[in-house]
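Please read them with the structure open.

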Amino acid sequence: MSIPQQPGPTPVTSPGGSRPASGPRDVLGAAAQPPGAGAFDEHHPPPAELVGDCVHCGFCLPTCPTYVLWGEEMDSPRGRIYLMKQGLEGEPLTDSMVTHYDRCLGCMSCVTACPSGVQYDRLIEATRQQVERRHRRNPRERALRAAIFALFPYRRRLRLLRGPLRAYQATGLPRLVRRSGLLRRLAPTLATVESLAPRLGRAARPPQRVPAAGARRAVVGMLTGCVQGAFFPEVNAATARVLAAEGCEVVILPDRQGCCGALSVHNGREEEARRFARRILDTFAAAGIDYFVVNAAGCGSTLKEYGDLLRDDPRYAALAADFAGRVRDLSEVLVELGPVATRHPLPVTVAYHDACHLAHAQGVRAQPRRLLHDIPGLQLREIADPEICCGSAGIWNILHPGPAAELGDRKARTVLATGAALLVTANPGCLMQVAASVTRAGGDIALAHTAQVLDASIRGRGAEELLHQRAPS
Ligand code: SF4
Ligand code: SF4
């Protein structure tokens, strides 16, 4: 069967860019499984009826970052859905197929672009679980993924890195390391992680609970997150203050909650994700919360899908579905409740960056803009091509540093073109990725989470503090 080919956009590949060696021609390349074994097993394969929803129109192509980079059909949403169809028809799971699935950022830009309502999010999630179960990666990839998943979902382990990282940042070494290019030549993955690390300040431990200021309007649980908790504790502190100022009692329980499972879900590690989800549910099930508030886009989209993640678990399925219905992004809950705290003027020009898992996966675009727009003196500017991912995508920028840097550089150019003094977004991954890209571009812009901007306005702190938050140079 062949796919009707629609004209796509002109692909953009930077000089010396990373055009992949493989493409549609090698889709049926060396089989990674015995002959006759189909790509997918019986445990939740990508649903055939959802695969069949794709009418191959190609409207998704200009919004897909990997298609924009390489112009390869099999690195587009349409091409990946075609590969899923082949898998369902009995083709084996080849190394080449896995490569095309792996290259997907999971940004879900194609979901919002698709006029036929194709649920690519459900398709790629099911496919990734199959890949993790049924495909054996090469030793280097296995070791890298094992290291990532032994570290990133564990806030305590990440916190152990803070001391050495702060000491390193206090020396002149980071600038020297980057300028020499030595680390990038010797250990490119480590160089990528080093370039992404935010400038660290002091970190206070979050409290168990924060009482509402004035009359209590709601009781909310709050996710502290792994990367957010370890590297951006000031964002969590600002989130709790804003919620309290708006009349919420905030239940945090920082020592009992763990990873929400987002990284695991997005990388097909189904059992691990379920384990993390059960722990979040055990922590907050008896806390009497009206809402569960999240300030990291990737985590929020996963928490809203807990009902689906635990649908086969008779003990947790109903609890997970109920909990998922209470999950809100910070901006959603603030708009739902309506403001009671006074906003003081913040005379600053802001460019708002849509995190993919907020805009595309959760459909939350208007709420953060409305909250920012309502701050007196704040001027909001839009970034060109907002639907194209910055290249962060969870751990994608660590697994695919070359193309991630290309996407980051594109984003840095559009961000700097706004002329704004402050870039605001709602995801720690985006903050780190755009910060590193702006630094590489030699640009200069302050960076903040939406919660920090609201906090500065409510506390009447002015814009100075926000404008000091810069990427490490
Ligand atoms: S995923 Fe949607 S937009 Fe893309 S080709 Fe299929 S039907 Fe068209
Ligand atoms: S999720 Fe993003 S990278 Fe993956 S196919 Fe869709 S648009 Fe492309």
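Which helices each supply at least two residues of the shell around ligand 2?

1. Three helices do this for ligand 2: helix 2 (65–70), helix 3 (77–88) and helix 5 (109–113). The structure is a predicted model, and the points below should be read as such.

2. Around ligand 2 there are 14 residues, of which C64, P77, C104, C107 and C110 come nearest. By class, the shell around ligand 2 holds nine nonpolar residues, four polar and one charged.

3. Ligand 1 also has 14 residues around it, and the nearest are C54, C57, C60, R78 and C114. Helix 3 and helix 5 each give at least two residues to the shell around ligand 1. That shell divides into ten nonpolar residues, three polar and one charged.

4. Turning to the whole chain, the protein has 27 helices and nine strands. Its radius of gyration is 22 Å, close to the 23 Å given by the globule rule for 473 residues, so the protein is as compact as a globular protein of that length. The C-alpha trace spans about 65 × 55 × 40 Å along the principal axes of the protein.

5. Two packed helices are described by the angle between their axes and the distance between the axes. On the helix 3 side the contact is made by G79, R80 and L83, and on the helix 4 side by M97, H100 and Y101. The contact of helix 3 with helix 4 has three nonpolar residues, two polar and one charged.

6. How do helix 14 and helix 26 lie, and at roughly what angle do their axes cross? The axes of helix 14 (residues 233–245) and helix 26 (residues 450–458) come within 8 Å and cross at roughly 50°. That angle makes helix 14 oblique to helix 26. The crossing in which helix 14 passes helix 26 is left-handed. Helix 14 contributes V235, A238, T239, R241, V242 and A245, which meet A451, Q452, L454, D455 and I458 of helix 26. Sorted by class, this contact of helix 14 with helix 26 has seven nonpolar, two polar and two charged residues.

7. The axes of helix 20 (residues 330–337) and helix 22 (residues 366–373) also come within 8 Å, with a crossing at roughly 65°. Helix 20 and helix 22 cross in a left-handed sense. The residues making the contact are S331, E332, L334 and V335 from helix 20, together with Q367, P368, R370 and L371 from helix 22. Four nonpolar, two polar and two charged residues make up the contact of helix 20 with helix 22.

Technical notes: Residues are numbered from 1 along each chain as its sequence is written. Chains are lettered from A and ligands numbered from 1 in the order in which they are written. This is a predicted model: local features need pLDDT of at least 70, side-chain atom pairs count only at pLDDT 80 or more; totals for chains, interfaces and linings use all residues. Axes are lines fitted to C-alpha atoms, for helices over the stretch in contact, and angles run from 0 to 180 degrees between N-to-C directions. Helices (H or I, at least four residues) and strands (E, at least two) are DSSP runs, numbered from the N terminus. Angles under 35 degrees count as roughly parallel, over 145 as roughly antiparallel, 65 to 115 as roughly perpendicular and the rest as oblique. A crossing is left-handed if the near helix is turned anticlockwise from the far one by less than a right angle, and right-handed if clockwise. Two residues are in contact if their C-beta atoms, placed from the backbone, lie within 7 Å. Ala, Val, Leu, Ile, Met, Phe, Trp, Tyr, Cys and Pro count as nonpolar, Asp, Glu, Lys and Arg as charged, and the others, Gly among them, as polar. A residue is near a molecule or strand if its C-beta atom, placed from the backbone, lies within 6 Å of it. The radius of gyration is taken over C-alpha atoms; the globule rule is 2.2 Å times the number of residues to the power 0.38.
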